[in-house]
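Welcome to this short tour of a protein model. Take a moment to look at the chain from a few sides, and then read on.

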Amino acid sequence: MLDSTLQATYDQVLRRNPGEPEFHQAVREVFESLEVIQGKYPEYNDRSILMRMCEPERQIIFRVPWVDDKGEVQVNRGFRVEYNSALGPYKGGLRFHASVNLGIVKFLGFEQIFKNSLPGLPIGGGKGGSDFDPHGRSDGEVMRFCQSFMTELHRHLGEYPDVPAGDIGVGAREIGYLFGQYKRLTNRYEAGVLTGKGLDWGGSLVRKEATGYGAAIFADEMLRARGSSFEGRRVAVSGSGNVALYAIEKTHQLGGVPITASDSSGYVVDEDGIDLDLLKQIKEVERGRIHEYAERRGGSARFVKDGCVWDVPVAIAIPSATQNELNADAARTLVKNGVEAISEGANMPCTPEAVSVFRQADVAFGLGKAANAGGVATSALEMQQNASRDTWSFEHTEERLTQIMKNIHTTCLETAEEAGRPGDYVVGANVAGFRKVADAMIAFGVI
Ligand code: NAP
């Protein structure tokens, strides 16, 4: 049970947003963290900051009609939830996946508010997407879908109001088609309207790598804070998309041995360490399936169809596929096998029950808002480069990213300490993220 003020607000959120379990879960986690500051800042309650923060500033839902390769008309649903602009333009990715609905977009948008506050860059929170499933679709179909999606969405976007990026199912190809249509409709070469762009047309070096790199750097910081390191340690990564590939790359660079990768069809274990060139070839270039890795790698690499990637004994885990992919049973198995640190590359990949297993076992637990904030932080660096019409080197941008991740780690630890919960990254990230947004909202009055 929450404190009575928080509980009353939470009950109102439940009443007002029925049938949206992922959104409720995300709100509940933040509220539980905020218990430690309840009563300390009465102005937050007096001005109904939490209730206002839970209600998106604007929610856009639209029809996305397009024609498939057989000439048949398909209809999808598009979403953009412009959640909170207290700290800057709405910023957050677009997800194209069959499971996308309003509740999922709201959970992601709500998380994004606090995540975007942590790096200390001027960005608000938003999220969007569609129930369009790009798997098995031709390039032409993906292009026509993206063009139709942007035909409606473009009127809500811009360098100042709202700047989307990629997420599940939206990578460089989709951002290209979306940007092309935006440019055509508006007759403006407004590079700052989308991030994750190609390097020849306004993109930033390191943006592609940033989320995965950041999650591994955050794990490294948590390990160092405990006098430990990646050196020679076995690491499990789930997923094999944008975040997972670059979490694996940075893990290699930090001296760890990443031994797993997965997709929705199963997972692979490679005791010799994942061959990243091969995995990138299959996943980034050929858009293939994960079993092909084991077949082409040979040796001790194996594909497991119906198992759980978290059964593999490891010291560090970086879940990087999707929400609620790591439950309490998986957490208990990881703990039994001696896991030391979890860094969430994905958004909310661990269920609340799994998180409490890790906390009770004193495992270092880096929640997604902090651990995967490197992606959106580098998007903000892309916006800076676009605004100044400049291009930074890989080394400079990576140095900025590394420093941002270290600062987020320090902020989490310092805030947790102040709140009387030393070492609790969940409390640290939620309280630090919340306070900055809340203070800005108070400055703006009731709007
Ligand atoms: P992505 O490139 O589309 O890759 C997603 C990966 O996860 C794929 O391997 C996919 O396998 C797997 N996956 C997706 N849904 C799954 C499910 N229900 N069960 C099992 N596997 C599933 O997406 P991404 O950009 O890497 O995003 C991964 C996670 O990171 C998401 O939670 C996203 O919100 C979060 N995130 C991304 C960024 C970013 O910069 N991209 C930033 C912050 C957080 P299939 O291909 O088989 O579906």
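## Domains

Domain bounds here come from an automatic or database domain assignment. For this chain, the assignment gives domain 1 (4–190) and domain 2 (208–366). Their C-alpha centres lie 26 Å apart. The contact between them (contact means heavy atoms within 4.5 Å) takes 14 residues from domain 1 and 11 residues from domain 2.

Some notes on reading the numbers: this is a predicted model, in which local features need pLDDT of at least 70 and side-chain atom pairs count only at pLDDT 80 or more, while totals for chains, interfaces and linings use all residues. Residues are numbered from 1 along each chain as its sequence is written, and side-chain values use heavy atoms, with hydrogens and water left out.

## The whole chain

The chain has 17 helices and 13 strands; these are DSSP runs numbered from the N terminus, with helices (H or I) of at least four residues and strands (E) of at least two. The radius of gyration, taken over C-alpha atoms, is 21 Å, close to the 22 Å that the globule rule gives for 447 residues, so the chain is as compact as a globular protein of that length. That rule is 2.2 Å times the number of residues to the power 0.38.

How much of the chain is buried? Buried residues make up 58% of the 447, where buried means under 20% relative accessible area (1.4 Å probe, protein chains only). Among contacts between residues at least 6 apart in sequence, 72% join residues at least 24 apart.

## Inside the cores

A nonpolar core is a set of buried Ala, Val, Leu, Ile, Met, Phe, Trp, Tyr and Cys residues joined through side-chain atoms within 4.5 Å. Which members of the largest core touch the most others? Out of 81 residues, they are Leu326, Leu334, Ile342, Phe358 and Ile408. Helix 8 (residues 207–225) gives the most to this core, with nine residues, and at least three residues come from each of domain 1 and domain 2.

Leaving aside residues up to four places away in sequence, Phe358 touches nearby side-by-side partners including Leu326, Leu334 and Ile342. Apart from this core lies another, of 38 residues, among them Ile113, Met348, Phe434 and Val437.

## A hairpin to find

Strand 1 (residues 58–67) and strand 2 (residues 73–84) pair in the antiparallel sense over 10 bridges; pairing requires that DSSP finds at least two bridges. Ile60 stands opposite Arg80 in strand 2. The two strands form a hairpin with five residues between them, and Gly71 in the turn has a positive phi of about 85 degrees.

How values were computed. Buried < 20%, exposed > 50% of the residue type's maximum accessible area, 1.4 Å probe, protein only.
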